[in-house]
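Subject: Structure for your files

Dear colleague,

Here is the structure I said I would pass on. My notes on what was found follow below it.

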Amino acid sequence: MCGIVGIVGKSPVNQALYDGLTVLQHRGQDAAGIVTIDQTNTLKLRKANGLVKDVFHTRHMKRLQGNVGIGHVRYPTAGSSSSSEAQPFYSNSPYGITLAHNGNLTNAVELKRQLFETARRHVNTTSDSEILLNILAHELTLKSDEVLSPETIFEAVTRMHRKLKGAYAVVSVIMSHGMLAFRDPNGIRPLVFGKRETSSGIEYMVASESVALDANDFEFVRDVAPGEAIYVTLDGQLHTKQCADHPAYSPCIFEYVYFARPDSTIDKISVYGSRVKMGEKLGEKVSKEWSNVDIDVVIPIPETSCDIALQIAQTLDLPYRQGFVKNRYIGRTFIMPGQTERKKSVRRKLNAISAEFKGKNVLLVDDSIVRGTTSGQIIEMAREAGAKKVYFASAAPEIRFPNVYGIDMPSANELIAHGRDVEAISDLIGADGLIFQSIEDLVAAVGECNPEIKRFETSVFNGNYITNDIDQAYLNQLDAIRNDAAKHANPQPMANGLELHNDEN
């Protein structure tokens, strides 16, 4: 999962890009990058591993001049964390194109081969984002004898949609022309755009989440529709077009469970509102199925689950307490690069308040259970703090299948729910009782906020991959490169075979 931003402004955009990436930092903590185009039509680039605040210093910001630019925060789904994989990427032909991407192409191997055989383009990294860049460049080359009009650009995106499979939200700048942004035909990964009126004219911004618009005082206009492309010329003329043959909303439901900030709105759905609904549904399930369970207090595992836990407590008419204090300077454990690092980070990240646990039967609430390591350690911490019994509730259903659309849901064998029932999972994490949200209730909770969306991407729960191109052979190959042992043994894979799916999106 990554975060992207792009701005066509009337004044320097470096600070606005920086501020946008800062509020999208939760989407990626591995690397960050910004590209701007200055008044001499020269590209200015700064990208490196690290948090936004560590990558960009005053000297870098001074060099990032220009009224147009894009930015990216990186989270690697697998494989290389090399700075060479940081985005945005750049190609000098045609025109000069720079691009940033959030998502994952599921047919990257085939696309790489086609690029070499038909376009004589070489992909130099393990990133499928570089493949996207080269495909866009190639499609624009096909019409290089024509004026690069908005229609010509939209035709290129249409041809791309017909080739690409998987999930992608893309922002790109074409030198001397403008900013292009587009979203995959299923709308799996989020993308929004907004505008800001200034004395010099209207400025436009695209971003992964609406909070990036809010941080820069841009007015939210709407979500980019599945398959839609948005093109803004350097002088600020806005053009939009639906470029997919059969677009259909199927947004990733895990955005609402875990990834997105609660103050974001994605596809007309309030992330905060959807989490409140998740808590309401799960509270009703706890009340129905655990009517004989004696619970004294509801305690969230901060921070994503706080709104969910509060609603569960209200539904059950139980006290809600903050039993854990979070160190806000530790990264999100879900996106730590390896199991050892995740284990070390949990106790650095959380500390229990003994008074809230001592002598009580507690219900701990988390957004989800992936590997189970974090959940087990937190339950152990609750017992050490004096809890008599520790029950556990997950706002998401059992995660049984790997994600192929840009989230590091790891090797299937490393998912604690893979091949296990609820009782076995409960025993492994050391809980006195475990309850999961049903997939029907999760879909209902999120969908209630926008009834127009009839389907969500829920493959990690049910194994139904909406792009219809995923088979067991693909998952087996993915397993071979995504498990923690493989990452440790080969931290910087070569760009061949399925390793091209090791994108940083």
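I34 has R46 in β3 as its bridge partner. The two strands concerned, β2 (residues 31-37) and β3 (residues 43-49), run antiparallel and pair over seven bridges; strands count as paired if DSSP finds at least two bridges between them. They make a hairpin with five residues between them, and N41 in the turn has a positive phi of about 60 degrees. Helices (H or I, at least four residues) and strands (E, at least two) are DSSP runs, numbered from the N terminus.

Please note that this is a predicted model, in which local features need pLDDT of at least 70 and side-chain atom pairs count only at pLDDT 80 or more, while totals for chains, interfaces and linings use all residues. Residues are numbered from 1 along each chain as its sequence is written, and side-chain values use heavy atoms, with hydrogens and water left out.

Overall architecture

The protein chain has 17 helices and 21 strands. Its radius of gyration is 23 Å, close to the 23 Å that the globule rule gives for 505 residues, so the chain is as compact as a globular protein of that length. That radius is taken over C-alpha atoms, and the rule is 2.2 Å times the number of residues to the power 0.38. Along the principal axes, the C-alpha atoms fill a box of roughly 75 × 50 × 45 Å. Of the 505 residues, 61% are buried, where buried means under 20% relative accessible area, exposed over 50%, and partly exposed in between (1.4 Å probe, protein chains only). Among contacts (heavy atoms within 4.5 Å) with a separation of 6 or more, 72% are between residues 24 or more positions apart.

Helix α1 (residues 14-23) has seven of its ten residues buried, so it is largely enclosed by the rest of the structure. The buried residues are N14, A16, L17, Y18, G20, L21 and V23. They pack against β1 (3-8), β2, α2 (52-55), α3 (58-63), β4 (68-74) and α7 (210-215).

In helix α10 (residues 306-316), the buried residues are C306, I308, A309, Q311, I312, A313 and L316. Their packing partners are α9 (271-289), β16 (297-300) and β19 (361-366). D317, which follows α10, has a positive phi near 55 degrees.

Salt bridges

The whole structure holds 20 salt bridges, each being a side-chain nitrogen of Lys or Arg within 4 Å of a carboxyl oxygen of Asp or Glu. One of them joins R159 and E139, with the closest N and O atoms 2.5 Å apart. R159 lies in helix α6 and E139 in helix α5, so this pair ties together parts that are 20 residues apart in sequence. R159 is partly exposed at 21% relative accessible area, whereas E139 is buried at 1%.

R183 and D267 form another salt bridge, with 2.9 Å between the closest N and O atoms. R183 is in strand β8 and D267 in the loop between β14 (265-266) and β15 (269-270), 84 residues apart. Both ends are enclosed: R183 is buried at 0% relative accessible area, and D267 is buried at 1%. The side chain of R183 also has a polar atom 2.9 Å from the backbone oxygen of G187.

K268 and E452 meet in a salt bridge at 3.4 Å, N to O. This pair links the loop between β14 and β15 with the loop between α14 (439-447) and α15 (459-462), 184 residues apart. Here K268 is exposed, and so is E452. Separately, R27, R189, E209 and E255 are linked in a network of salt bridges.

R121 sits in the loop between α4 (108-119) and α5 (128-141). The side chain of R121 does make a polar contact of 3.2 Å with that of N134. A polar contact is a pair of N or O atoms within 3.5 Å; within protein, one must be able to donate a hydrogen and the other to accept it, and residues adjacent in sequence count only if both atoms are side-chain atoms.

Regards
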